[in-house]
Amino acid sequence: MTAQVASVPFICARREALGIGFSGTSTARFGLDLTDASGRRNGVFWRWEAEGDRVTLVNDHLGMAPLFYHSDESRFMASPSLAKLLELGVPRELDAEAICVFLRLGWYLGEDTPFRHVKVLPPGATLVWQAGRLSLDAGEVVRRETPMTYEAAVEGYVDLFGQAIARRPAPPGDCLVPLSGGADSRHILLELCRQGRAPRHAVTVVRWRTEGDQDWECAARLAAAVGVEHVALRPSRFYAREELLKNRLTGFLSDEHTFLNPIRRFALGRFGHLFDGIGGDILSAGLYIDREATELCRRGEFERLVPRVLRYDGGLDFLARALFGIALDVEAVARERVARDLARWQQAANPLGLFYLMSRTRREVASAPYGLFAAVGQVHAPYLDRNLYDHLAGLPAEHLWDHGFHRDVIRRAYPEQADIPFAAGEAKPSAAQKGSAAMQLLGFAAMRSPSATAGLARLVARQVRGGDAGRFNWRTAFYLLQLDRLRATPRPDEPNRWPLAEAG
């Protein structure tokens, strides 16, 4: 069984002399909607419906599946494809402040996109556009602390995760689990097996073809222990092609995820269900948080905290200036915007964790399962289950500071596999692989902007001579060059397919 697919859906409503005219898909649904009879939203989904002079959009409680929209007094447009909206005539003016943030974080904040006149739905949204008027209500995601002991937190996690998996039915013969050497995918695979629903395959991408890849070795050992066929996939050497494909499929929301392209190619037409570990690292492994950072956030000392959040800039501010004419102080804009966003989560049980969940996870990581894998079939995200989220987001942050909580849960729930190690770190690209990527980047840049090519060449040469080529983010450079092309000539997504639960 494979997912139903259709052309990339869109809805366009326009005010006309005789009323409201519609084009596109009047009704569309995507994802798994587990909303209960009381209206409490669960699952990851979005849907829209056009009727009369009204268009209504609704999404899940965390807003994880990106749905883009544009609204003004005369028209309203929505689509899961940013490029589709540009193709339909949305103004292509870039959002300079949002791009400044992207240059320092690698993702966008709030509901921003690279284009000023395109936004994404916020979490738990109900948007209504009626005859030129827009109303938008959003849900509340902040969870206050629920006092509990470490043991109670572990036991609750074990139970609620089992329930989350059980709520997401997937025929074992039609199910794929991308498997790493970490905790998130391991927990999924072990619980599926415990429930008698072992997937047909587990799949791991050997990212850099280097020896001693612990991620691959640990994943292979785990799959063998539970009797699931394990497939190793190799990334393409054509970095430029892979980057361009990934950027289109993720809606220009991320400079990551290129290594997942082989999983997409492997899964298309073979599987109808895929389990993804999105959210597990932030919610239960304490990724990016520690005691000092948490306390800085709680006290509102953002001037001290923000530099810890912003990543190395990679020296690409000059490229944004050359391509887009951005004259802003990138660092200052990014610092101010990040501080403002951090303040939104200050009262949460785990404020810094919620910042990363609602920014990096929601705005960047989610573009892989709900963009890159969208045409594969039904993507299941058990860590985002509403009941499990409420438990994990309410945990005292102290339980996560040593980053061992999730592993303790897994060892408790599946003692038979407790001796299988977790991967420590990840394989890094070799000097030759970095050089090949740099050469392909310069070749692509030469077609887009000769002046930018000269600057990129100097940057690469300087960092290679200094032995620090790894800090040069060539993926971001590809992203900016392709964004410039999209701004000038929008292209439809490739391939032009999208899974729909219902379309009319």
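A residue is called buried when its relative accessible area is under 20%, exposed when that area is over 50%, and partly exposed in between (1.4 Å probe, protein chains only). The model is a predicted one, in which local features need pLDDT of at least 70, side-chain atom pairs count only at pLDDT 80 or more, and totals for chains, interfaces and linings use all residues. Residues are numbered from 1 along each chain as its sequence is written, and side-chain values use heavy atoms, with hydrogens and water left out.

F405 is 134 residues away from F271 along the chain, and 32 Å separate the C-alpha atoms of the two.

Turning to the strands, five of them form an open sheet with antiparallel pairing, in the order β3-β2-β8-β7-β9. The edges are taken by β3 (19-24) and β9 (119-120); each has a single partner strand, so one side of each is left without a neighbour in the sheet. Two strands count as paired if DSSP finds at least two bridges between them. Within the sheet, β7 (residues 68-71) and β8 (residues 75-79) run antiparallel and are joined by four bridges. Here H70 stands opposite M77 in β8.

Finally, the cysteines deserve a look. C12 is buried at 3% relative accessibility, and C297 is buried at 0%. Zero disulfides are found in a search of the whole structure, a disulfide being a pair of cysteine sulfur atoms within 2.5 Å.

Conventions. Helices (H or I, at least four residues) and strands (E, at least two) are DSSP runs, numbered from the N terminus.
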